[in-house]
Amino acid sequence: DIDMPLYEYKKLRKVFKENNKIIIQDHSTDKYYHPLFPKIRDKFSSMKEVRGPSWYKHNGCFIDLFVLEDTFEFPSRILYWYLILEGRLLGISKQPYNRFYNAFLMAIKYGAVGLQHLMRSIFKYLPGKHFGYCYGCQFYRNRLDKNDYKYLGEIEFEGHKFPCPGNVDQYLEHMYGDWRSLPDLTTLHPHIESFEIFDYPNEKK
């Protein structure tokens, strides 16, 4: 997962250029995409998730990109349950099968997008000391101290350095509890049924 403040995500969208390998998946690049937070998708792989949707335009390996912003729990909870209803309707059809039902589902979906923008427009004038995940995200109860993002640090992963919250230990403990201890493996439930990687096409030099 990647956590990123909303203002940084807007910068990313301006400089990101879709290529033949990866894409930022959201409602502008995939009209059937369900969540209100984006994903970074690999185009040359295929992943089937347990109880996951099969109608997305892109279904490759992904990284969830959680946008952080000033949120309030109650309106975010309302929008989340709106999305749950939308997901149930999509799940019934699996794939929209005629133009009338398709139009109905698109109206519901873009209604959620509109509600998200409306909530952002209203509540941005009520800033607090904490970030929340974007309106409509299922993790609406998570509240993150803005000071953890005011001063960033660096952490090395597989030979590369990446920016991270200034107080890494505090952030990880808040998110996962005792993150230094491995969980009971018998309680883990993988959400991937199958995964396949395809060869990249030959690129012109």
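This is a predicted model: local features need pLDDT of at least 70, side-chain atom pairs count only at pLDDT 80 or more; totals for chains, interfaces and linings use all residues.
**Close-up views of selected side chains**

View 1. Tyr-125 is exposed, its relative accessible area being 61%, and together with Phe-72 and Leu-126 it makes a nonpolar surface patch of about 330 Å².

**View 2. Asp-30, a buried acidic residue without a salt bridge.** Asp-30 belongs to the loop between strand E2 (22–25) and strand E3 (39–42). Although Asp-30 is buried, it has no salt bridge, and the nearest side chain of opposite charge, that of Arg-41, is 6.8 Å away; a salt bridge would require a nitrogen-to-oxygen separation within 4 Å. The side chain of Asp-30 does make a polar contact of 2.8 Å with the side chain of Gln-25. When residues up to four places away in sequence are not counted, Asp-30 touches Gln-25, Tyr-56, Lys-57 and His-58.

View 3. Asp-64 is found in strand E5 (residues 62–69) and counts as buried, with 13% relative accessibility. Its side chain is joined to that of Lys-39 by a polar contact of 2.5 Å. Apart from neighbours within four places in sequence, the residues in contact with Asp-64 are Asp-1, Ile-2, Phe-37, Pro-38 and Lys-39; for one of these, Pro-38, the C-alpha atom is separated from that of Asp-64 by 6.5 Å, while the two residues are 26 residues apart along the chain.

**View 4. The salt bridge between Lys-11 and Glu-8 within helix H1.** The structure holds 5 salt bridges, and in the one between Lys-11 and Glu-8 the closest N and O atoms are 4.0 Å apart. Both residues lie in helix H1 (residues 6–15), with a spacing of 3 residues, or about one turn of the helix. Lys-11 is partly exposed at 48% relative accessibility, and Glu-8 is likewise partly exposed, at 33%.

**View 5. The salt bridge between Lys-48 and Glu-193.** The closest N and O atoms of Lys-48 and Glu-193 are 3.5 Å apart in this salt bridge. Because Lys-48 lies in strand E4 (residues 45–49) and Glu-193 in strand E10 (residues 192–197), the pair ties together parts that are 145 residues apart in sequence. Glu-193 counts as partly exposed, with 48% relative accessibility.

**View 6. The salt bridge between Asp-169 and Arg-180.** The side chains of Asp-169 and Arg-180 form a salt bridge with an N to O distance of 3.4 Å. Asp-169 lies in helix H5 (residues 168–176) and Arg-180 in the loop between H5 and E10, so the pair ties together parts that are 11 residues apart in sequence. Asp-169 is partly exposed, with a relative accessible area of 39%, whereas Arg-180 counts as exposed at 56% relative accessibility.

Definitions and conventions
Residues are numbered from 1 along each chain as its sequence is written. Side-chain values use heavy atoms; hydrogens and water are left out. Patches are made of residues with over 30% relative accessible area and no salt bridge: like charges are joined within 9 Å, nonpolar side chains (Val, Leu, Ile, Met, Phe, Trp, Tyr) within 5 Å. Accessible areas come from the Shrake-Rupley method with a 1.4 Å probe; for residues, only the protein chains shown count as cover. Buried means under 20% relative accessible area, exposed over 50%, partly exposed in between (1.4 Å probe, protein chains only). Helices (H or I, at least four residues) and strands (E, at least two) are DSSP runs, numbered from the N terminus. Lys and Arg count as positive and Asp and Glu as negative; His and the chain ends are not counted. A polar contact is a pair of N or O atoms within 3.5 Å; within protein, one must be able to donate a hydrogen and the other to accept it, and residues adjacent in sequence count only if both atoms are side-chain atoms. Contact means heavy atoms within 4.5 Å.
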